[in-house]
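Subject: Structure handover

Dear colleague,

Here is the structure I said I would pass on. My notes follow below it.

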Amino acid sequence: MSFLDKVWYRKLGVMNAPVILPLLPLSAAFSLITRIRRERYKSGKKYSLRVKPVVIVVGGISVGGTGKTPLCISLLQRLSDLGYTVGLLSRGYKGKSKEYPLVVTSSSNVSECGDEPLLIKLSVKDKATVVVDPNRERGAQYLEKLGVDVIVTDDGLQHYALQRDFEIIVIDAQRMLGNGFLLPAGPLREGEWRLDTADIVVTNGNPIEPKSNYQAMHLVPSPAVSIESFCSNQGFHDYLQKGTNVVALAGIGNPNRFYNTLKSCGYNIVSTIDTGDHGVVSKQILINNAKKFPVVMTAKDAVKYAEYKLDNLYVLNVEAVLPEKFYQIVASRLYDLTTERFKD
């Protein structure tokens, strides 16, 4: 268990109080600053851009991984199947391109576009246009010029400079909201009240206390497949047998979830490589570990290491499975919005 797990994701008690209590004044200041910022956008004192395409924000109120990317992939695929021309907008965290907006292709360099946008593009293929831009307003305008009628933003819930029509907040059903405090005393960017303002709250797993606007998502894993097969777009082959001893690599916000998923699939974890969210390990570390055991990683990690062309690297991919009611709510709202927005 990491330090943050012990502090942020436990209720306030004897063990974590010495760390949390001194940070509460900073959390109060953070709360005040964010509230003032929200109000300035709400009142019109700060400019907020409205684009013609319907904007769906998929975001969270806590730091760390909650499963937003698999949800975005599933949503893009379903909206495309319903006949919408869809685009995905991401800021491309840790990607550094010379020019923006950047259209992501299956052969894009991960160092330019970031790991999550590349993973999304590899997953949705031609069903959606994926655009990266640190300036979300500019990226949204670019997608509008490309003719999309629905924009899904991967994260960006707190980016109020871009107006949105529909909000989906994703939370981890196991961690929930941790100790309930805002940063830095807790993991929250906005308070629990924010869940009541969302159109849908998606819980990654079954929530302990479900509410009327909660929809449970389950990430269903596929058998581990070679990294070459996963990233080639030529069909999966070379699966890793269950019962194999493996090294687990997780560059995500909640690595324990990935480790538990690996175990549930029948793999035996002999050691782990925890790089932190979006982190990268050296090629030599991969080589050293792969000489001993197969290294199994998340799909988000795979797009960063595929170029090394190393043997004994595998990917355990997960797909988001949501109830039909979730898609029905989104489809109904989208129909109303697009009918009004594009009636001319």
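Which residues of helix 10 (residues 283-290) are buried? They are Leu-286, Asn-289 and Ala-290. Seen down the axis of helix 10, these buried residues fall within an arc of 95°, so they line one face of the helix. They pack against strand 10 (245-250), strand 11 (268-274), strand 12 (295-298), helix 11 and strand 13.

Some terms and conditions. This is a predicted model, in which local features need pLDDT of at least 70 and side-chain atom pairs count only at pLDDT 80 or more, while totals for chains, interfaces and linings use all residues. Residues are numbered from 1 along each chain as its sequence is written, and side-chain values use heavy atoms, with hydrogens and water left out. Helices (H or I, at least four residues) and strands (E, at least two) are DSSP runs numbered from the N terminus. Buried means under 20% relative accessible area, exposed over 50%, and partly exposed in between (1.4 Å probe, protein chains only). An arc is that of the directions from the helix axis to the C-beta atoms, and contact means heavy atoms within 4.5 Å.

Helix 12

In helix 12, Phe-326, Tyr-327, Val-330, Leu-334, Leu-337 and Thr-338 are buried. Seen down the axis of helix 12, the buried residues fall within an arc of 105°, so they line one face of the helix. Gln-328 and Tyr-335, on the other side of helix 12, are exposed. The partners that the buried residues of helix 12 pack against include strand 1 (54-59), helix 4 (68-81) and strand 8 (214-221).

Tyr-327 counts as buried because its relative accessibility is 8%. Leaving aside neighbours within four places in sequence, Tyr-327 is in contact with Ser-74, Arg-78 and Leu-322. The C-alpha atoms of Tyr-327 and Leu-75 are separated by 8.0 Å, although the two residues are 252 residues apart along the chain.

Second largest pocket

Helix 6 (115-124), helix 8 (227-232), helix 11 (299-305) and strand 13 (313-316) each supply at least two residues of the lining of this pocket. Helix 8 gives the largest share, 4 residues. By class, the lining of the second largest pocket has 10 nonpolar, 7 polar and 6 charged residues; Ala, Val, Leu, Ile, Met, Phe, Trp, Tyr, Cys and Pro count as nonpolar, Asp, Glu, Lys and Arg as charged, and the others, Gly among them, as polar.

Regards
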